Amino acid sequence: MSINEEDLKKHVKDKDTWLRFVYIVLFGIVFYVSAFITFLAAALQFFAKLFSGSSFEGISEFGDNLATWQSQVTRYLTFASDEKPFPFAPFPSKKI
């Protein structure tokens, strides 16, 4: 693939690409935080199962929805999708 100088200037000045960069940084930070939230939910579920013999259904549902959102973010970050995830779209919601 060859890019001439005019095309390069055009691509570097593309505002949509720079806006996408801002979204990539922001979603990357929020994704990192969501991984920590996933860990907290998993730990809470573990202790619930350990002490009560069952997990919390609400946390299971939240975890499933969070995993779907994380998948959407990953697809956006890697340019597999142009659709921005939550908060630009509804948060994923599945009923168990």
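The structure is a predicted model, in which local features need pLDDT of at least 70, side-chain atom pairs count only at pLDDT 80 or more, and totals for chains, interfaces and linings use all residues. Residues are numbered from 1 along each chain as its sequence is written, and side-chain values use heavy atoms, with hydrogens and water left out.

**Exercise 1.** State how many helices and strands the protein chain has, and their order.

*Solution.* Helices (H or I, at least four residues) and strands (E, at least two) are taken as DSSP runs, numbered from the N terminus. The count for the protein chain is 3 helices and 0 strands. Read from the N terminus, the order is α-α-α.

**Exercise 2.** Compare the radius of gyration of the protein chain with that of a compact globule of 96 residues.

*Solution.* The radius is taken over C-alpha atoms, and the globule rule is 2.2 Å times the number of residues to the power 0.38. For a compact globule of 96 residues the value would be near 12 Å, whereas the protein chain has 19 Å. Next, consider the principal axes: the C-alpha trace spans about 65 × 25 × 20 Å. Finally, 19% of the 96 residues count as buried.

**Exercise 3.** Check the lengths of helices H2 and H3 against expectation.

*Solution.* The expected span is 1.5 Å times one less than the number of residues. Helix H2 (residues 15-52) has 38 residues and should span 56 Å; its end C-alpha atoms are 54 Å apart, which agrees. Helix H3 has 21 residues and reaches 30 Å from its first C-alpha to its last, close to the 30 Å expected.

**Exercise 4.** Identify the buried residues of H2 and the helix against which they pack.

*Solution.* The buried residues of H2 are Arg20, Tyr23, Phe27, Ser34, Ala41, Gln45 and Ala48. They pack against helix H3 (57-77), where contact means heavy atoms within 4.5 Å. On H3, the buried residues include Leu66, Trp69, Val73 and Tyr76. An α-helix has 3.6 residues a turn, so residues three or four places apart point the same way.

**Exercise 5.** Is Val25 buried, partly exposed or exposed?

*Solution.* Val25 lies in helix H2. Its relative accessibility is 38%, so Val25 counts as partly exposed. The C-alpha atoms of Val25 and Leu77 are separated by 8.9 Å, although these residues are 52 residues apart along the chain.

Technical notes: Buried < 20%, exposed > 50% of the residue type's maximum accessible area, 1.4 Å probe, protein only.
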